[in-house]
Amino acid sequence: MGYENLTFPEGSRFLVTGAAGFIGSNLVEAILQLGYKVRGLDDFSTGKQENVEEFSRHPNYEFIEGTIIDHDTCVGACEGVDYVLHQAAWGSVPRSIEMPLFYEEVNIRGTLNMMEAARQNGVKKFVYASSSSVYGDEPNLPKQEGREGNVLSPYALTKKVDEGYGKLYTKLYNLDTYGLRYFNVFGRRQNPDGAYAAVIPKFIKQLLNDEIPTINGDGKQSRDFTYIENVIEANLKACKASSEAAGEVYNIAYGGREYLVDIYNGLCNALGKGIKPIFGPERKGDIKHSNADIGKAKALLGYDPEWNFERGITEAINWYQESLRSA
Ligand SMILES: NC(=O)c1ccc[n+]([C@@H]2O[C@H](COP(=O)([O-])OP(=O)(O)OC[C@H]3O[C@@H](n4cnc5c(N)ncnc54)[C@H](O)[C@@H]3O)[C@@H](O)[C@H]2O)c1
């Protein structure tokens with residue numbers, strides 16, 4: 001259970017791309033807590049300095065400010081690295097519909113640059129962030145690896161292409177790659193601001209500020225909301241997985257199903273707010289329901305998520321209350 005007791009060879013070095021982002025900064029923190037060396041790479045395009053500031057004086061931490069669009073930067077970042085946790089990318093389905101060329105450059109070319117750099121440097125394990133959006137319009141639930149539909153956005157297509165390269169790099173070059181299809185991750189340090197923010201941090205911040213949140217659609221859409229601790233566990237366990245499990249993709253979720261209106265009402269209750277939301281139009285490229293079968297990750301990575309939605313949301317609310325109060 002969990003990841004706190006995982007061990008790696010002494011002196012192991014990790015590279016986390018997208019280190020100044022939500023998931024990346026949490027991975028950096030967990031690796032430092034386990035006692036290993038970690039290098040972060042980020043260009044601060046959507047990430048924040050404040051997410052990595054607290055690690056800056058840690059003796060096991062170093063940071064490279066640079067972009068994965070530049071292959072030489074990727075090669076330098078992978079030097080002397082055992083494990084790559086590749087998180088850098090542009091997220092958000094609606095934004096990708098507005099700027100597809102940019103998504104292609106960062107999410108596809110950037111990921112290919114990183115895989116190639118990892119191969120050139122003899123990295124042991126290359127773990128990369130994919131997304132549940134690759135399931136597209138596949139209607140069957142729970143979502144199962146190998147049963148994908150047509151993708152509905154440029155973002156989803158970039159992740160699908162990344163997965164294709166991941167498989168090829170294992171097959172052609174013996175680089176052990178593991179694609180993790182995250183399902184709606186939430187938790188501390190997720191950005192609550194801006195038009196493309198994820199719903200949970202956005203609603204928490206709006207409710208704390210007595211603003212009226214907008215729910216896209218009728219609110220009856222459901223998702224497998226996954227607490228950040230489970231995602232950290234999946235990344236670290238993938239680093240310890242066998243080579244037989246490489247070249248594959250894995251659903252990373254809790255395996256639950258939460259409806260958006262219920263989450264909204266739960267947040268109102270927890271924060272003591274009686275604010276009625278506005279119901280807006282549905283978002284293009286969105287699917288109605290999504291939840292995951294996590295059997296493959298359990299069987300092949302030993303993934304065993306400990307944090308259900310209620311436990312995670314309680315901790316997330318506390319964190320946002322604290323951090324927004326002290327901001
Ligand atoms: N958060 C989720 O629910 C979720 C769900 C599915 C998949 N993912 C994937 O997980 C990964 C991390 O997502 P997140 O939620 O932490 O997003 P985030 O935006 O908080 O973090 C991404 C980080 O990547 C950095 N970055 C972007 N372009 C870069 C570039 N060219 N060079 C270097 N750094 C760059 C950003 O500055 C940012 O710090 C992404 O690959 C995302 O697609 C996230």
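The expected span of a helix is 1.5 Å times one less than its number of residues. By that rule helix H9 (260–271), with twelve residues, comes close to the 16 Å expected, its first and last C-alpha atoms being 16 Å apart. The model is a predicted one.

**Ligand shell**
- The ligand has 29 residues around it, and Gly18, Gly21, Gly47, Ala89 and Ala129 come nearest.
- By class, 14 of the shell residues are nonpolar, 13 are polar and two are charged.
- At least two shell residues come from each of helix H1 (22–34), strand E2 (37–42), helix H5 (100–120) and strand E5 (125–131).
- H1 supplies the largest share of the shell, three residues.

**Nonpolar core**
- The largest nonpolar core holds 86 residues, and those with the most contacts inside it are Phe14, Cys78, Val84, Ala118, Val127, Leu180 and Ile252.
- Helix H8 (residues 228–239) gives the most to this core, seven residues.
- Leaving aside residues up to four places away in sequence, valine 84 touches Leu15, Cys78, Met114, Ala118, Val123, Phe126 and Val127.

- The buried residues in H9 are Leu260, Ile263, Tyr264 and Leu267.
- These residues lie on the same side of H9 because they cover an arc of only 100 degrees around the axis.
- An α-helix has 3.6 residues a turn, so residues three or four places apart point the same way.
- The packing partners of the buried H9 residues are helix H7 (199–208), strand E8 (214–216) and strand E12 (258–259).
- Just after H9, glycine 272 has a positive phi of about 65 degrees.
- Glycine 272 sits in the loop between H9 and strand E13 (278–280).
- Glycine 272 counts as exposed because it has 7 C-beta neighbours inside 10 Å, and the cut-off for exposed is 12 or fewer.

**Helix H5**
- The 21 residues of H5 should span 30 Å at 1.5 Å a residue, and the end C-alpha atoms are 29 Å apart, which agrees.
- Buried positions in H5 are Tyr103, Asn107, Ile108, Gly110, Thr111, Asn113, Met114, Met115, Ala117 and Ala118.
- Two of these, Met114 and Ala118, are touched by valine 84.
- Glycine 122 follows H5 and has a positive phi, near 65 degrees.

**Backbone features in loops**
- Leucine 141 and proline 142 are joined by a cis peptide bond, with omega near -10 degrees.
- Proline 142 is in the loop between E5 and helix H6 (154–173).
- Asparagine 174 is not a glycine, yet its phi is positive, about 60 degrees.
- Asparagine 174 belongs to the loop between H6 and strand E6 (176–182), and counts as exposed with 11 C-beta neighbours inside 10 Å.
- Aspartate 210, also a residue other than glycine, has a positive phi near 60 degrees.
- The loop between H7 and E8 contains aspartate 210, which is exposed with 8 other C-beta atoms within 10 Å.

**Serine 326**
- Serine 326 lies in helix H11 (residues 309–326).
- With 6 other C-beta atoms within 10 Å, serine 326 is exposed.
- Serine 326 and proline 154 are 172 residues apart along the chain, and their C-alpha atoms are separated by 38 Å.

Conventions. Residues are numbered from 1 along each chain as its sequence is written. This is a predicted model: local features need pLDDT of at least 70, side-chain atom pairs count only at pLDDT 80 or more; totals for chains, interfaces and linings use all residues. A residue is near a molecule or strand if its C-beta atom, placed from the backbone, lies within 6 Å of it. Helices (H or I, at least four residues) and strands (E, at least two) are DSSP runs, numbered from the N terminus. Ala, Val, Leu, Ile, Met, Phe, Trp, Tyr, Cys and Pro count as nonpolar, Asp, Glu, Lys and Arg as charged, and the others, Gly among them, as polar. A nonpolar core is a set of buried Ala, Val, Leu, Ile, Met, Phe, Trp, Tyr and Cys residues joined through C-beta atoms within 7 Å. A residue is buried if 20 or more other C-beta atoms lie within 10 Å of its own, exposed if 12 or fewer, and partly exposed in between; C-beta atoms are placed from the backbone. Two residues are in contact if their C-beta atoms, placed from the backbone, lie within 7 Å. The arc is that of the directions from the helix axis to the C-beta atoms.
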